[in-house]
Amino acid sequence: MKNWLKILAVALLFYVHIGGLLMDVPRLNILNETIRALYFHVPMWFGMVALFLVSVVYSVLYLLNPAVATDRKAVEFANVGLVFGILGMLTGMLWANYAWGSFWHGDPKQNGAAIALLVYLAYFILRGSVENEEQKARLSAVYNIFAFAAMIPLIFIIPRLTSSLHPGSGGNPGFNMYDLDNRMRMVFYPAVIGWILVGVWVTSLRVRMRAIEDKIHDLEDEKTH
């Protein structure tokens, strides 16, 4: 990852944390000051989807032209995407506790997000259950495509078709339709970009670490043989 992108990521998130905590926000019934969680909760989900999308692209590329480096990138983007998903879930639960009265309401979007994360957890269980590296990469690449295809309706489609407390679901208008004014947009959009850049940055570090570990492992195998 380019150095200027790293600097941009740090600068954006520094601005988001300062602006998110200090800048004025709309005073809405029930939400009040808790609406500031929007700057952290929602961008985490944007980051998760972006990272999972890149991961599934690398899985498709692997199936078209198998290569260890491609599989490695698919795995690490999925790894960091899952972390973002868990952080999105935790920040959402914290927000729900103050806005709705409890951490978990069984809301369709909460349930869908939890199922989607479990589907991706199964991806890593699958990888850990297969010993042959080539077979592991091929099977997990196919499963990764299935996982991404399952995540989209679970998070973005089904909750919109049912009654939900979340904005933009079940006839409940989304934030941008009534209260995500220009003050919030000035922080929200940089937050989305900043968190995605941090996700890519962390992933690039993990890919490099995995590459080094694989080289060390290969050298040790050569010595033993």
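1. pLDDT is the predictor's confidence in each residue, from 0 to 100. This is a predicted model, and the mean pLDDT of the protein is 86, with 88% of its residues at 70 or more.

2. Helix α2 (residues 38-64) has the highest confidence, at a mean of 95, and helix α6 (residues 175-178) the lowest, at 47. Over residues 168-174, pLDDT stays under 50; the model has 19 contacts beyond four places in sequence for this stretch.

3. An unreviewed UniProt entry assigns the feature "transmembrane region" to residues 7-25, 45-65, 77-100, 112-130, 142-161 and 187-207. In the model, residues 142-161 are 100% helix and 0% strand, with end C-alpha atoms 28 Å apart. For residues 7-25 the corresponding values are 84% helix, 0% strand and 27 Å.

4. How do helices α3 and α4 pack, and at what angle? Helix α3 (residues 68-99) and helix α4 (residues 108-129) meet at about 150°, and their axes are 10 Å apart. Angles over 145 degrees count as roughly antiparallel, and α3 is therefore roughly antiparallel to α4. The crossing of α3 past α4 is left-handed.

5. On the α3 side, the contact is made by residues including Asp71, Ala74, Val75, Leu82, Gly85, Ile86 and Met89. The α4 side contributes, among them, Gln110, Ala113, Leu117, Tyr120, Phe124 and Arg127. By class, the residues of the contact of α3 with α4 comprise 14 nonpolar, 3 polar and 2 charged.

Technical notes
Residues numbered from 1 in each chain as written. Predicted model: local features only at pLDDT ≥ 70, side-chain atom pairs only at ≥ 80, totals over all residues. Heavy atoms only, no water. Axes fitted to C-alpha atoms, helices over the stretch in contact; angles between N-to-C directions. Helix = DSSP H or I, 4+ residues; strand = E, 2+ residues; numbered from the N terminus. Parallel < 35°, antiparallel > 145°, perpendicular 65-115°, else oblique. Left-handed = near helix turned anticlockwise from the far one by under 90°. Contact = heavy atoms within 4.5 Å. Nonpolar A, V, L, I, M, F, W, Y, C, P; charged D, E, K, R; others polar. UniProt positions renumbered as here; feature names shortened; annotations may be inferred.
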